[in-house]
Amino acid sequence: MIMKNKNDSGGVNPMCKPISIVMWLVAALAVFPPATLHAQPADGFVTVSGSAAYRQRIAMPPDAVLTVRVEDVSRADAPAPVLTETREPFGARQVPIAFSLNVPSAGIDPRFSYAVRATITVGGELRFTTTRNYAVLTRGAPNHVDLLLDAVQPAPTETPVAVPGSTTAPAPAVGFALPATFAGIMPCADCVGIAQTLTLRADGLYRLRRTYLDKPDGPFAELGRWMADERGRRLTLRSGSEILLFTVTDNETLRLLDRLGQPITSNANLDLRRTAQVDPVSEPLHWRGEFVYLADTATFTDCASSVRWPVAMTADYLAMERNYLDSRSAPAAPLVVSFEGRLEVRPAMEGPPREQMVVDRFGSSQPGASCGSAASGKSDVMAELKDTYWKLIELDGATVVMAPAQQREVRITLAGEGSRLIGFSGCNQLVGAYVQDGNALRFTQMAGTRMACVEPLMELESQVLKMLGATTGYRIEGEQLTLLGGDQVLARFEAVYLR
């Protein structure tokens, strides 16, 4: 039986409406996968769905990755726990891209707030991110949201971000584009070589990562400020009291110079070659600098480079803020702090996403200190015995300087957890334990690798081990650690915060 449409005045196409429905379904399936159209959460789950898009007329490559998360955003002073997450490569698709996530019902508290966050990355580099709050699940929020992502502007590693009051210097004049990474294997006195990776940023910050091949410890990272001469042919890297000098040979190669800036005569490799990819300064590092909190805004200025960043109010940030409020000398006064942290491009309160400092683990503060007082050697800074990199500067009354063949300084670090000692004794890695009781200090269970070194490094190591074995006490004056054997001064160390 064929039924006519009441409005038809002529012949009837009996397949007209079924054909239109089929075409609609085909078109819909081209945009939304079947799982999105018919998403039915399993028992114990709630579905959050939607789409992700951006305004720019930019096509993403097939390896671009869309990451969508449902996060608990109830607390502004704590990291946002992720309830569920999906990561999908673009493949042949372009935005808008549909998504569907199943959230465990047991993890949803009606008293809490939840939001959807999305990012698009290419080769691990952030290209787009959500900068608005897309609430879901509770407090009357929907479970379907259409996300609009914003483009991420280049971080200071490519274009320095202007921060009000920043002391960041303009990019040094060199013949190669910044940022840039150089790598190579340098000679080592007691190992097969030192793999070095040097990244120079446009804001004057550098990070030098050293890995001592066939050694158990490491890698070791050093932060500091780099500068170029007027011609852009000689680079000076300064990290605390340490200085490294390089000459730019052909804009693709940096060659190590001696401490006077003169060429080194050697058959060994002294070159770092520029890499195709930039190795960003993004790993967790130990930072020391001036922290300021005022009117819900926090900034950190690195002592080593004088570069300033906004501080993300996440992870262990709250511990730093509380310490600042208890220890500052006056409102908005800077406070020297030490912490483990990393640089990360994150959404800003206003404007596009920007590079921010994330405080992973707050360490300590030094009321009354400043970056300037540390640089000038003033004694108003009181260093901590534990978890400090102590560099040997005096042994048996004689000043200690690095020998020409010496690649690493003598140093010790007393770990706050486990009462462990780690360090380098002049020729070999050093490990052991320590016992502290007030100003009394003893080193026990000393051990180390047994590599042979040229003189005078073997003699230096022998004296260092003898000194540590004779230590019975200590005192700290400013940023100097003095080890004592009874009333006798055995050695002096200087605090270094940039490893």
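Here are some friendly notes on this predicted model, from the overall picture down to single residue pairs.

1. Overall make-up. The protein has 5 helices and 30 strands. Of its 499 residues, 43% count as buried. Among contacts between residues at least 6 apart in sequence, 55% join residues at least 24 apart.

2. Helix α5. This helix covers residues 457–470, 14 residues in total, and spans 20 Å from its first C-alpha to its last, close to the 20 Å expected at 1.5 Å a residue. Its buried residues are Leu-457, Leu-460, Glu-461, Val-464, Met-467 and Leu-468. Viewed down the axis of α5, these buried residues fall within an arc of 125°, so they line one face of the helix. Lys-466 and Gly-469 are exposed on the other side.

3. The β28–β29 hairpin. Strands β28 (residues 473–477) and β29 (residues 480–485) pair in the antiparallel sense over 5 bridges. Tyr-474 stands opposite Leu-483 of β29. The hairpin has 2 residues between its strands, and Gly-478 in the turn has a positive phi of about 60°.

4. The β29–β30 hairpin. β29 also pairs with β30 (residues 488–496), in the antiparallel sense and over 6 bridges. Here Leu-481 has Phe-493 in β30 as its bridge partner. This hairpin, too, has 2 residues between the strands, and Gly-486 takes a positive phi near 70°.

5. Glu-394 and Arg-492 form a salt bridge, with their closest N and O atoms 3.3 Å apart. Glu-394 lies in strand β22 (residues 389–395) and Arg-492 in strand β30, so the pair ties together parts that are 98 residues apart in sequence.

6. Asp-279 and Arg-207. The whole structure contains 19 salt bridges. In one of them, Asp-279 meets Arg-207 with the closest N and O atoms 2.9 Å apart. Asp-279 sits in the loop between β16 and β17 and Arg-207 in strand β11, so this pair links parts 72 residues apart in sequence. Arg-207 counts as buried at 0% relative accessibility, whereas Asp-279 is partly exposed at 22%. Salt bridges with shared partners join Arg-207, Arg-209, Asp-279 and Glu-283 into one network.

7. Asp-250 and Arg-273. The closest N and O atoms of this salt bridge are 3.8 Å apart. Both partners count as partly exposed, Asp-250 with a relative accessible area of 41% and Arg-273 at 46%.

How values were computed. Residues numbered from 1 in each chain as written. Predicted model: local features only at pLDDT ≥ 70, side-chain atom pairs only at ≥ 80, totals over all residues. Heavy atoms only, no water. Helix = DSSP H or I, 4+ residues; strand = E, 2+ residues; numbered from the N terminus. Expected span 1.5 Å × (residues − 1). Buried < 20%, exposed > 50% of the residue type's maximum accessible area, 1.4 Å probe, protein only. Arc of directions from axis to C-beta. Pairing = 2+ DSSP bridges. Contact = heavy atoms within 4.5 Å. Salt bridge = Lys/Arg side-chain N within 4 Å of Asp/Glu carboxyl O.
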